[in-house]
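Here are my notes on the model you sent over, jotted down as I went through it. Have the structure open while you read.

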There are 2 protein chains.
Amino acid sequence: MNAVNYCNGVLDSQGGSRLSAPTRRERLRTSTLSEIKDEARRLLVIGGPDAISLRAIAREMGMTAPAIYRYFESLDALVEALAGDLYIEMSEIVAAAKHGAGDDPVAQIKAMARAFRDWSVAHPAEFALILGSPQPGIVAFQESCDEADHPGVEFGRPFMETINALWLRERYPTPPRSLMEERLAAHLEPLRASHGEEVPIEVAWAFLSGWSRLYGLVSMEVFHHLRWAVSDPGALFEMELHAYVDQFTGHSDKS
Amino acid sequence: MNAVNYCNGVLDSQGGSRLSAPTRRERLRTSTLSEIKDEARRLLVIGGPDAISLRAIAREMGMTAPAIYRYFESLDALVEALAGDLYIEMSEIVAAAKHGAGDDPVAQIKAMARAFRDWSVAHPAEFALILGSPQPGIVAFQESCDEADHPGVEFGRPFMETINALWLRERYPTPPRSLMEERLAAHLEPLRASHGEEVPIEVAWAFLSGWSRLYGLVSMEVFHHLRWAVSDPGALFEMELHAYVDQFTGHSDKS
DNA sequence: TTAGGAGAATGAACGCCGTTAACTATTGCA
DNA sequence: TGCAATAGTTAACGGCGTTCATTCTCCTAA
């Protein structure tokens with residue numbers, strides 16, 4: 001699961017990473033810590049983000065609520081830590097889909113987009129927690145975080161790399177370069193800081209454009225915001241996915 | 001504000017719409033009812049959807065919480081009613097932007113998209129309530145609702161009409177008609193039921209594609225999900241808006 | 001004009017919740 | 001073996017939605 005929390009209120013009794021083997025106490029501690037998060041996720045899945053409560057977690061674990069404050073500095077800190085784990089879980093699934101899709105960048109993009117949608121539809125509560133409306137408490141928490149450590153960086157990486165490969169192979173059509181330079185270039189510092197200063201603006205554009213389309217479709221489907229218009233959002237998703245990649249290949253691809 | 005609640009737990013002591021003039025009691029009732037919703041919105045704006053509480057509303061109004069049950073059957077019902085009002089408010093602002101944009105459909109689409117983004121960015125809490133992650137309680141409430149009365153229908157109307165005008169004027173490029181017929185046509189019953197059986201599939205496609213892109217961009221901006229990549233989502237929005245409408249005109253438009 | 005009933009609001013209570021503080025039991029190390 | 005760090009407890013505070021029995025007020029029908 002690789003839960004490198006990027007910014008958190010996870011209490012660490014022993015200051016940072018170990019060199020020597022973990023003591024018995026440390027093993028117990030990490031096990032309790034992940035049991036808390038497991039229970040939190042169970043509650044999340046059953047009743048949504050608001051259903052995560054310290055008292056319910058403790059009850060289920062045969063503890064009392066204040067004990068959890070030995071592990072997380074607040075409920076918000078726990079939820080934020082869980083969100084970080086879930087973001088990484090999702091990113092790893094997307095990355096795995098890429099690696100299982102052969103060498104063709106277009107096939108890789110399709111595989112990643114479908115993996116993202118499949119995960120999101122299968123895990124609506126988790127999706128809501130990491131990519132839905134942020135809770136004010138969590139937001140206050142994130143204020144103290146470095147954007148460069150945001151899990152979104154790792155999530156975006158396989159997309160960026162694939163699109164970059166695509167761009168190197170053949171120059172797909174984009175908006176006029178002058179327009180992109182003028183409107184977009186000045187606002188890409190975060191992306192450049194985390195993915196390299198030399199990323200071509202055409203790659204950044206294709207990623208941002210594609211990711212926002214992907215997010216919009218999946219988010220609407222997961223949140224049922226298109227029920228009034230469309231009965232099978234999955235079909236719309238496939239149409240749009242094809243439209244998006246056809247933009248790269250210049251022809252229609254059926255796969 | 002035109003608050004025709006499409007499905008609600010608003011208690012109506014006097015069964016439906018009046019013919020004769022409202023009595024004194026009825027006037028007091030409607031005034032209290034909207035004062036409750038005003039106060040609920042104030043709390044929403046300050047602290048997000050979770051900050052809406054019956055006790056806080058009552059406290060601010062100089063009442064006690066159980067009194068509110070004379071007006072709404074539960075907190076969820078109140079929140080759902082508020083969400084309905086806000087959806088309509090947003091729809092009216094978008095529709096007004098269209099009417100203030102002259103006769104050119106492309107200009108109208110730009111005006112509506114910008115009005116939607118402006119409203120959303122200016123009202124993040126309201127946006128979260130109506131277009132963010134649904135709260136389980138509210139969802140349970142909506143189960144008993146008719147999709148055909150969903151406020152999204154009216155929200156979509158000016159978009160659908162404008163795109164229809166565009167399609168009648170000139171046949172813009174779309175995915176192959178066969179693909180749309182095969183993948184999309186079968187799943188458009190809700191849209192057809194509310195916007196007419198005869199709506200061309202190219203219009204439905206352009207609307208759904210455009211709306212999901214618009215929603216994705218604005219939602220990401222409002223929820224700060226792109227902070228790790230882009231420092232000014234508004235610039236990305238303008239780029240994408242131009243890319244979207246250029247698809248209709250076939251050339252690049254600067255306005 | 002007045003009696004009665006409908007409507008509006010209250011207070012108390014139940015069981016949730018996060019969080020704090022004071023306290024106890026346990027563990028592991030010097 | 002003793003002591004300090006660690007893990008856990010109980011009790012309490014204030015906030016929450018909701019229910020129930022009760023009170024007050026206003027309108028209407030006799």
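1. Let's start with the fold. Chain A has eleven helices and zero strands, so its elements, read from the N terminus, run α-α-α-α-α-α-α-α-α-α-α. Keep in mind that this is a predicted model. Taken along the principal axes, the C-alpha atoms of chain A fill a box of roughly 60 × 45 × 35 Å.

2. Now for a helix pair in chain A. Helix 3 (residues 75–99) of chain A and helix 7 (residues 151–169) of chain A have axes that come within 8 Å and cross at roughly 15°. Because angles under 35 degrees count as roughly parallel, that makes helix 3 of chain A roughly parallel to helix 7 of chain A. Their crossing is left-handed. On the helix 3 side of chain A, the contact is made by A:Y87, A:M90, A:S91, A:V94, A:A95 and A:K98. Helix 7 of chain A brings in residues including A:F155, A:P158, A:F159 and A:T162. By class, this contact of helix 3 with helix 7 of chain A has eight nonpolar, three polar and three charged residues.

3. Over in chain B, have a look at another pair. The axes of helix 4 (residues 105–122) of chain B and helix 7 (residues 151–169) of chain B come within 9 Å, crossing at roughly 155°. These two helices of chain B are therefore roughly antiparallel to each other, and helix 4 passes helix 7 in a left-handed crossing. Among the contact residues are B:I109, B:M112 and B:F116 from helix 4 of chain B, along with B:F159, B:I163 and B:L166 from helix 7 of chain B. By class, the contact has eleven nonpolar, two polar and one charged residues.

4. Next, charges. Side chains of opposite charge can pair when their charged atoms come close. Over all chains, the count comes to 30 salt bridges. One I'd click on joins the side chains of A:R41 and A:E126, at 3.0 Å, N to O. That pair links distant parts of the chain: A:R41 sits in helix 1 (residues 24–47) of chain A and A:E126 in helix 5 (residues 124–131) of chain A, 85 residues apart.

Note on methods: Residues numbered from 1 in each chain as written. Chains lettered and ligands numbered in written order. Predicted model: local features only at pLDDT ≥ 70, side-chain atom pairs only at ≥ 80, totals over all residues. Heavy atoms only, no water. Axes fitted to C-alpha atoms, helices over the stretch in contact; angles between N-to-C directions. Helix = DSSP H or I, 4+ residues; strand = E, 2+ residues; numbered from the N terminus. Parallel < 35°, antiparallel > 145°, perpendicular 65-115°, else oblique. Left-handed = near helix turned anticlockwise from the far one by under 90°. Contact = heavy atoms within 4.5 Å. Nonpolar A, V, L, I, M, F, W, Y, C, P; charged D, E, K, R; others polar. Salt bridge = Lys/Arg side-chain N within 4 Å of Asp/Glu carboxyl O.
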